[in-house]
Amino acid sequence: MQRLSKKDLLLVSFMVFSLFFGAGNLIFPPYLGQSAGTNFWQAMSGFIISAVGLPILGVVAVAKSDGLHHLAKRVHPIFALIFTLLIYLSIGPFLGIPRNGSLAFEMGVAPFLPTEWQQNSWILLLYTLVYFLIAFWLCLNPDKLSDRFGKVLTPSLLILLAGIFIYSLFKPMGSFDSPIESYVQTPYFNGFLDGYLTMDTIAALNFGIVISVTLKQKGIKEKKSLIATTVYAGLIAGAILVSIYVLLGYLGAASSHMFGVAENGAQTLTNVVLYLFGKPGVILLGLVFSLACLTTSVGLITSCSQYFATLVPRVSYKMWVTVLALISMFFANMGLSGILSISVPVLSAIYPLAITLIVLSFANDVLKGDSIVYVCSMLFVGIISITDACGQVGFHSLAFDNLLRYLPMHAEGLGWIIPGVVGALLGYVISFSKKKKGSTAPQLIEKNDSC
């Protein structure tokens with residue numbers, strides 16, 4: 001089996017980490033920590049499952065299936081086209097990339113501007129122009145991503161984060177406070193749902209192609225070797241992510257006793273670094289946010305451009321990079337609040353479908369690729385998740401809402417799990433029945449012939 005050198009494996013692992021670690025990965029763990037308080041470990045364990053475990057499984061699932069489109073085709077070719085487009089557009093130029101660009105401005109630049117300039121749309125436009133020009137330049141040569149991320153950007157980001165945590169050990173903030181809101185009764189489930197907001201599971205369905213291309217350029221051609229190397233790189237990247245999430249969450253939990261509960265994780269981190277380093281800490285935090293957001297934006301633009309270049313071969317990869325960077329810059333100028341208000345219902349609709357598709361992919365050998373199992377499970381999950389998303393934007397059906405309340409774990413936001421399992425079992429029974437009928441048909445014909 002083909003293998004990477006230890007150095008190249010580490011560089012690819014750093015690249016995988018950088019692709020995932022963006023805006024949401026910085027702001028949600030501290031907020032979870034300060035909200036969960038003494039229930040921190042339960043909430044963090046749920047967060048790690050959905051924000052680390054599922055994304056790594058997603059990367060492997062895409063590698064095993066030769067791309068998201070091939071994976072989604074197990075449901076139906078039309079579904080594959082629509083779902084893949086929806087995934088790439090939502091995590092790409094319409095939500096994911098603009099969110100990173102906007103947050104990089106609000107945390108990396110806005111704090112240093114005069115108050116009257118912070119809300120000036122022209123300042124944001126100028127910043128996003130420079131930001132996406134840099135991202136555009138980095139995306140032009142995707143074969144160099146592992147070197148640029150692994151040798152420069154990721155180590156810089158890790159050093160900055162490590163510095164914040166190590167210094168906090170010498171200047172402790174206090175003990176954990178009591179949990180608040182839903183973190184009191186259901187900290188694990190609440191942490192699991194918080195992991196949705198990182199968008200990493202659906203991002204993993206995009207990044208699989210970037211990782212695969214990178215490994216092939218490094219000489220890993222055999223499918224078994226590609227999958228094995230992807231697993232190793234994913235596990236290393238996952239270990240780094242878990243460490244950072246725990247550290248950020250711990251800082252948030254420790255700060256709640258001193259600062260109370262902030263409105264969001266960005267404010268929590270700002271309070272922490274101001275306490276630890278004073279005003280220079282804001283510069284440090286700005287660098288951390290800028291690096292994290294830039295690396296994820298580059299990964300998203302690259303993966304989306306590679307997909308659209310295969311979908312529409314007449315348009316070159318570089319042209320797609322240009323188009324997606326421009327669209328992302330346009331939506332980034334909506335501002336962070338506007339982008340986040342759209343992202344929550346969209347993620348509520350898409351995330352359960354993405355998780356179900358990933359889980360089914362690992363049972364594909366048992367299911368023998370039978371599409372009816374995929375169809376039934378995805379249909380049942382889609383009905384629940386899309387209904388929940390519609391409810392979040394004000395479209396309610398009182399009768400249907402009352403019916404959904406009887407679903408196990410619906411109150412915790414996970415009411416789609418049981419319908420997904422029931423759908424898969426129903427599909428398996430239908431598939432088994434069809435095969436059984438097919439196997440008995442020739443015997444009936446032989447009996448008739450003998451007569």
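Predicted model: local features only at pLDDT ≥ 70, side-chain atom pairs only at ≥ 80, totals over all residues.
1. Overall make-up. The protein contains 20 helices and zero strands. Its radius of gyration is 23 Å, close to the 22 Å that the globule rule gives for 451 residues, so the protein is as compact as a globular protein of that length.

2. Domains. There are two parts to look for: domain 1 covers 6-333 and domain 2 covers 337-435. Their centres, taken over C-alpha atoms, lie 25 Å apart. In the contact between them, 35 residues come from domain 1 and 27 residues from domain 2.

3. Buried area. Domain 1 and domain 2 bury about 2700 Å² between them, and 82% of that area is on carbon and sulfur atoms. On the domain 1 side, Arg74, Leu95 and Tyr196 supply 26% of the area buried against domain 2, more than any other three residues.

4. Polar links across the interface. The rule finds four residue pairs in polar contact between domain 1 and domain 2, with both residues at pLDDT 80 or more. Across this interface it finds zero salt bridges.

5. Which elements of domain 1 face domain 2? Those giving two or more residues to the touching side are helices H3 (40-65), H4 (68-72), H5 (77-94), H6 (96-108), H10 (187-194), H11 (200-217) and H15 (317-332). H3 gives the most, with six residues. By residue type, the side of domain 1 that touches domain 2 divides into 24 nonpolar, seven polar and four charged residues.

6. Salt bridges. Side chains of opposite charge can pair when their charged atoms come close. How many salt bridges does the rule count? The count comes to two.

Methods:
Residues numbered from 1 in each chain as written. Heavy atoms only, no water. Domains from an automatic or database assignment. Contact = heavy atoms within 4.5 Å. Buried area = accessible area lost by both parts, 1.4 Å probe. Salt bridge = Lys/Arg side-chain N within 4 Å of Asp/Glu carboxyl O. Polar contact = N/O pair within 3.5 Å; in protein donor to acceptor, adjacent residues only side chain to side chain. Helix = DSSP H or I, 4+ residues; strand = E, 2+ residues; numbered from the N terminus. Nonpolar A, V, L, I, M, F, W, Y, C, P; charged D, E, K, R; others polar. Rg over C-alpha atoms; globule rule 2.2 N^0.38 Å.
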